[in-house]
Amino acid sequence: MNVKKSFALATGTLLLLGTLFTSCGGKKNQDEYLSFNIAVTPNKVVNPLIQIAQEKGYFEAYKFKPNYITLEMIGTPEALTAGKLDAAYEQIIPPISYGAQGANVTIFAGTLSGGMEVVARKEDAEFLRDPKNWKGKTIGVIHLSTAEMVSKASLGNYYGYKVGEDINYRIIDGYPSISAAVAKGTLDIGLISSEYLDAARSIGLEHLFHLTQLQKDYVCCRQYAYSPSFDKNKDAYKAYLKGQIRAYKDYVTNPAEAIESLARLTGEDTGYIKRYIYEKESNGDRSYNPDPNYNGVLSIYEILTGWNYIESHAQLHEFFNIDVYAEALSEIIKEFPSESFYKDMWAYFLANDNKFPGFNYEKI
């Protein structure tokens, strides 16, 4: 099945399922708490901002009680509706693809940036460490991945390469298969998740650099909602974001306590948490931020539509919301007026979301 047909089928599935389930998001329970259903993966450390907010009582402070639903895959069309789910987070391509084709998806916050690595054979590594030497090379990627979109945009915009002429891409199913193809010499360069870097090294590959070297702080995972739930229950989503904003401050300013918080909640080893969350060399220069970063998502959306990965006349802002995050952050700033950290978050918001049509937020 080709990409356009598969997206159309996926969207149709999502829309059909959306009519079969009634979302329970945002309704208060007997204890007068706001709540909705959130998809998470089986991993112990799934999203540090959400988990720190849970463990430190920040959700409790805003009368929000998340209901976590564990799924093996949270980026599928069914994930937002099967089991009456209201929110999920996943790499950016699925939600913007579904939203572009009319699915009931609203992107409303950020999660993750970075996390991808660039690898090559050891004998080629020194030469290929400079992307200026990539002309004529073949790059292995997972189809419609963030890495594919980010690298194509960066190599075109900053290095002047034309895909299919100066450089070639080969679609590979899975990161281990990408590494194996590079090791065999059927690919020159592989783009893999940081979790697979040790395995790649074990078969003789060398790490060239983090993908963030091609584009700093590129947009990866975002948070998205089932639109009827989001539109009806914005107070619940605002409380959800307030907790994450408080957690983000801990994550940035107090790593030691953030690690201990995650260890208390998950039972995971603190050394593992430190490597996974904070050690840039082992986690693909990963960073977390609840800011929606509309500007960064827009750059990827323009690639998807401009290169006809998706045939759609929809505008990104039609299924994207920055107002709930802005309200949550502005209320946190009022709650903690002496905290400059939150004002810095507002400055980041002004710089990274100002391409949203009608943007009228001002400096605080």
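**View 1. Arginine 286, with a relative accessibility of 3%, counts as buried in this predicted model.** Buried stands for under 20% relative accessible area, exposed for over 50% and partly exposed for what lies in between, computed with a 1.4 Å probe on protein chains only. The model is a predicted one, in which local features need pLDDT of at least 70 and side-chain atom pairs count only at pLDDT 80 or more, while totals for chains, interfaces and linings use all residues. Residues are numbered from 1 along each chain as its sequence is written, and side-chain values use heavy atoms, with hydrogens and water left out. Arginine 286 sits in the loop that lies between α13 (280-283) and β12, where helices (H or I, at least four residues) and strands (E, at least two) are DSSP runs numbered from the N terminus. When its neighbours within four places in sequence are left aside, arginine 286 is in contact (heavy atoms within 4.5 Å) with Leu112, Ser113, Gly114, Gly115, Ser194, Glu195, Tyr251, Tyr276, Ile277 and Lys280.

**View 2. The protein chain as a whole holds 16 helices and 12 strands.** Of its 364 residues, 55% count as buried. Among the contacts in the chain with a separation of 6 or more, 78% are between residues 24 or more positions apart.

**View 3. Five strands form an open sheet in the order β8-β7-β9-β6-β10, with mixed pairing.** Strands β8 (168-171) and β10 (205-210) are the edge strands, each of them pairing on one side only, and two strands are taken to pair if DSSP finds at least two bridges between them. Neighbouring strands of the sheet are turned by 30 degrees against each other on average, direction ignored. Within the sheet, strand β7 (residues 138-141) pairs in the parallel sense with strand β9 (residues 189-193) over two bridges, and glycine 140 has glycine 190 of β9 as its bridge partner.

**View 4. Helices α6 and α7 each lie across strands of this sheet.** Helix α6 (residues 146-159) lies across β6 (116-121), β7, β8 and β9, and runs at about 175 degrees to β8; the axes behind such angles are lines fitted to C-alpha atoms, for helices over the stretch in contact, and the angles run from 0 to 180 degrees between N-to-C directions. Helix α7 (residues 175-184), in turn, lies across β6, β7, β9 and β10, and runs at about 155 degrees to β9.

**View 5. Helix α6 is largely enclosed by the rest of the structure, since 10 of its 14 residues are buried.** Those buried residues are Thr146, Ala147, Glu148, Met149, Val150, Ser151, Lys152, Ala153, Ser154 and Leu155. From its first C-alpha to its last, α6 reaches 19 Å, close to the 20 Å expected at 1.5 Å a residue, a span taken as 1.5 Å times one less than the number of residues. Glycine 160, which follows α6, has a positive phi, near 75 degrees.

**View 6. Strand β1 (residues 37-40) is covered on both faces.** Asn37 and Ala39 on one side, and Ile38 and Val40 on the other, are all buried. Strand β1 runs parallel to strand β2 (residues 67-70), to which four bridges join it, and valine 40 stands opposite threonine 70 in β2.

**View 7. Helix α10 (residues 234-253) packs against helix α15 (residues 323-335) at an angle of about 55 degrees, with their axes 9 Å apart.** This makes α10 oblique to α15, given that angles under 35 degrees count as roughly parallel, over 145 as roughly antiparallel, 65 to 115 as roughly perpendicular and the rest as oblique. Residues making the contact include Tyr237, Leu241 and Ile245 of α10 and Tyr325, Leu329 and Ile332 of α15.

**View 8. The axes of helix α11 (residues 255-266) and helix α12 (residues 270-277) come within 9 Å and cross at roughly 120 degrees.** That angle makes α11 oblique to α12, and their crossing is right-handed. The contact is made by Ile259, Glu260, Leu262, Ala263 and Thr266 of α11 together with Thr270, Ile273, Lys274 and Ile277 of α12.

**View 9. Asparagine 293 has a positive phi of about 50 degrees although it is not a glycine, and asparagine 308, likewise not a glycine, has a positive phi of about 60 degrees.** Asparagine 293, in the loop between β12 (287-288) and α14 (294-306), counts as buried at 6% relative accessibility. Asparagine 308, in the loop between α14 and α15, counts as partly exposed at 45% relative accessibility.

Methods
Left-handed = near helix turned anticlockwise from the far one by under 90°.
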